[in-house]
Amino acid sequence: MNKRLKLLLPFVLLFLGVWVVVLLSPISHCTLWEGFGFDAQNIFAWKYGAVNGAVPIRDFFYPYGLLSYYKDTNLVLTYIQSLFVPIHILLISLLFTRLTGSRAKGIASGVALFFFVLLFSDLESFQRYGSALSVLIAFVLWKTKSPIKSFVLGVLSSLLFTTITDQGVLAVLVLAVTSCIIYILEKRLSWRKHLPIKIGAHYVIGVGVGLLPLFLWFIHTSSATTFMKSMYYLSTLVTTGESSFLPFAFHPENLLVFLPLFGAIMLMSYATVFHNQHRLSSLEQMLFGVIVLTVFLEQKSLIRSISGSIVFLGPLLMMLSTQWFLDRKKYREASLVVGMFTIIAVSLLYMTFSRVVARVERFAQTLRHPNPRVCSMEVIQQALQKFPSSKALTSALPKDTRIYSFPADPILYPLFSSPLPPYFTTYEASPRFAQYEIIDWIKKRDIDTVIINTANIEMEGIQHAVRAPVLLEFLLKNYCPTRQVERYLLLNRCTTEPDFASFTNIAPVYAGSLLQAHLGEIPKKEWLMKKDKLAEITMNYPADTQDLFIFVQDSEPSTTLVLKTKNEAAVVTIEHCMEGCVIHVSNLPLFFFPQPLELIDAPSTTTIRFMRAKDITTMW
Amino acid sequence: MKHYQTKSDEIRLFFLLCAIGVAILGVFFLHRGWFRSHLPFDPIGRDHIVGYGQYFSESSLFDTLGLYVLVLTPPISATVISLLRHQKDRQR
């Protein structure tokens, strides 16, 4: 056998082996994931949009890039996307072959990481979050001193931006920051030395050239403005999203990333001061790059926790750190790193064992349908049968009813062959302009029926009624409840004057949930930031609640108020009102329907005053 | 011999500074309730989102700060050591 072929054969076999596993997995099938969470439903609704010719970004919010959207309509694109994971694993193997000087160790590293992904994460996340890592590995393996290579890396980064939007941005950021770190530490960043500038300029030109297909798509679909708007939207969503305090304190997966991350940062800081070298090795360049990548990826936890998706970065950091010790024959330190990591990984496996079993079971199920398939309406209709409420809902409403689903059941759009709204869930509709956009869409599309999932009251600790009050007010004032089908409340256009009592009659449990408002620190922030926009007024009970604000001051950390009307009472919980809090009464579901406030029950430690705002558009 | 003593002093100082950073994070974590209730400013400062921006100030801001305390402690420690070493070299 040819010697070169003999050298390459193990890598080719590894690539093909991983590719086969990916093709068998659910990411290559037009399927509806079990569990029917809003994530799974979103993905399925996008598939439905792709089959029906809807344009992502222009017609609805879509953050994942064009490839994963259009691959559902084209088998060739499905195969192209399925190549991402094998490419990531191949590059990781090549990297470790270079770092360890052994082909066997390199391949073993790639295989070990692949199994780690299958056990602790999932192929879909690795396909996405491993992409910027692959560009980084190409950067380190290539030792980019040539402007041409830098140009090619630029093209690759922006092609990645076209296919998986966030990963393209990440690749550019990671390469820029890592290069700066390398040049600063090697003392090569100087205006007198032209090479870094030349390389940087070629990279930027490469990025520009790589963006051409995306610009052509913008022109073809007239979606350039909406694309820019969606970028701005993401920055707003960051401030309205929610995540738990210090992710690693609550998610065991994060320990697997944070501890190796902190260890790697310690190691590289230590090496910079105490192992002062003129040049950084490929291993050190890679370690710096993966540290930067992990820190950037952790920023997504600002929107939602990303712990499970990027867990593969933990072992990668651990493997690189261990190799750094092995290169210096520090075997004790190397075994310490491996030992500590193994303890955490085994503990995690123990803690999340049921999830691991579920993951393996899901994968095993897909073996029944081993061939990748594209989506068609027929395949979508087949998959929809799995949705538990599909029969009950389709018997209750005609098949082609134009619906809007609140707060987050996007699977109902394909179920009724209904058009897709600009944002599928109230989580995505957190920014106020997004709520107005949905209202406009409902008016323009002349939506017949609103379907409210009465069992879905809150998401990640925040009530939908608190997150999207403008949208909910529009829905409850324009659509009246007609009946409840399983957990779904059906609302049609109002023919009579809407009131809160109709909700209490038809869906008493849901109406009860609307009467409870957990506002947390919203009233405190409102008072702190907007007190100059409020003026005190004198008012007697019964008080007109239209655009009414209540000022509350309490020495206790938590305050519960009961706002009573003639027939109902809203219970409002607020926090930390020592300096003052202000509640926008009209934004509480009970007062969507104007009615006088008869009385406020409050603890004896509380001071209450009535206020009006000069401009309510800037208030919660 | 003297050189090695200096180096081991530096190593000790490096780990001490890292430990101080982690301790700050620990205090921050244990007393997060106090920090939350006493923040006298809005971390976003944009009027139209302040209302529901509470979630940013309560949790995400602390996530970010916690992450950066962890991430920046070792490089800051390394920079302090380098500066001290540089100053010592100049004195010589």
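**Figure 1. A loop between two strands, with Thr565(A) in it.** Thr565(A) sits in the loop that links strand S10 (558–564) and strand S11 (569–575) of chain A. Keep in mind that this is a predicted model. Is Thr565(A) buried or exposed? Its relative accessible area is 7%, and buried means under 20%, so Thr565(A) counts as buried. Setting aside neighbours within four places in sequence, Thr565(A) touches Leu590(A), Phe591(A), Gln595(A), Pro596(A) and Glu598(A).

**Figure 2. Pro596(A), a contact partner of Thr565(A).** Here we're in another loop of chain A, the one between strand S12 (581–584) and strand S13 (599–601). With a relative accessibility of 40%, Pro596(A) counts as partly exposed. Which residues does Pro596(A) contact, leaving aside its neighbours within four places in sequence? They are Pro542(A), Ala543(A), Thr545(A), Lys564(A) and Thr565(A). For a sense of scale, look for Lys105(A): the C-alpha atoms of Pro596(A) and Lys105(A) are 75 Å apart, and 491 residues separate the two along the chain.

**Figure 3. Helix H5(A), residues 84–100.** This helix has 17 residues, and from first C-alpha to last it reaches 24 Å, close to the 24 Å you'd expect at 1.5 Å a residue. Because 12 of those 17 residues are buried, H5(A) is largely enclosed by the rest of the structure. Among the buried ones are Phe84(A), Val85(A), Pro86(A), His88(A), Ile89(A) and Leu91(A). Further along you'll also find Ile92(A), Ser93(A), Leu95(A), Phe96(A), Thr97(A) and Leu99(A) buried. Just past the helix, Gly101(A) takes a positive phi of about 75 degrees.

**Figure 4. H5(A) packed against helix H17 (residues 313–327) of chain A.** The two helices meet at an angle of about 15 degrees, and their axes are 11 Å apart. On the H5(A) side, the residues in contact are Leu95(A), Phe96(A), Leu99(A) and Thr100(A). H17(A) answers with Leu316(A), Met319(A), Leu320(A), Gln323(A) and Asp327(A). Sort the residues of this contact by type and you get 6 nonpolar, 2 polar and 1 charged.

**Figure 5. Helices H10(A) and H16(A) crossing.** H10 (residues 165–185) and H16 (residues 282–298), both helices of chain A, pack at about 135 degrees, with axes 9 Å apart. That angle makes H10(A) oblique to H16(A). The crossing is right-handed. H10(A) brings Gln167(A), Leu170(A), Leu173(A), Val174(A), Val177(A), Thr178(A), Ile181(A), Ile182(A) and Leu185(A) to the contact. From H16(A) come Gln285(A), Phe288(A), Gly289(A), Val292(A), Leu293(A), Phe296(A) and Leu297(A).

**Figure 6. Helix H15(A), residues 252–274.** H15(A) is mostly covered, with 18 of its 23 residues buried.

**Figure 7. Chain B, built with 4 helices and 0 strands.** Follow chain B from the N terminus and the elements run α-α-α-α. Of its 92 residues, 38% count as buried. Now take the contacts in chain B between residues at least 6 apart in sequence: 73% of them join residues at least 24 apart.

Conventions
Residues numbered from 1 in each chain as written. Chains lettered and ligands numbered in written order. Predicted model: local features only at pLDDT ≥ 70, side-chain atom pairs only at ≥ 80, totals over all residues. Heavy atoms only, no water. Expected span 1.5 Å × (residues − 1). Buried < 20%, exposed > 50% of the residue type's maximum accessible area, 1.4 Å probe, protein only. Axes fitted to C-alpha atoms, helices over the stretch in contact; angles between N-to-C directions. Contact = heavy atoms within 4.5 Å. Nonpolar A, V, L, I, M, F, W, Y, C, P; charged D, E, K, R; others polar. Parallel < 35°, antiparallel > 145°, perpendicular 65-115°, else oblique. Left-handed = near helix turned anticlockwise from the far one by under 90°.
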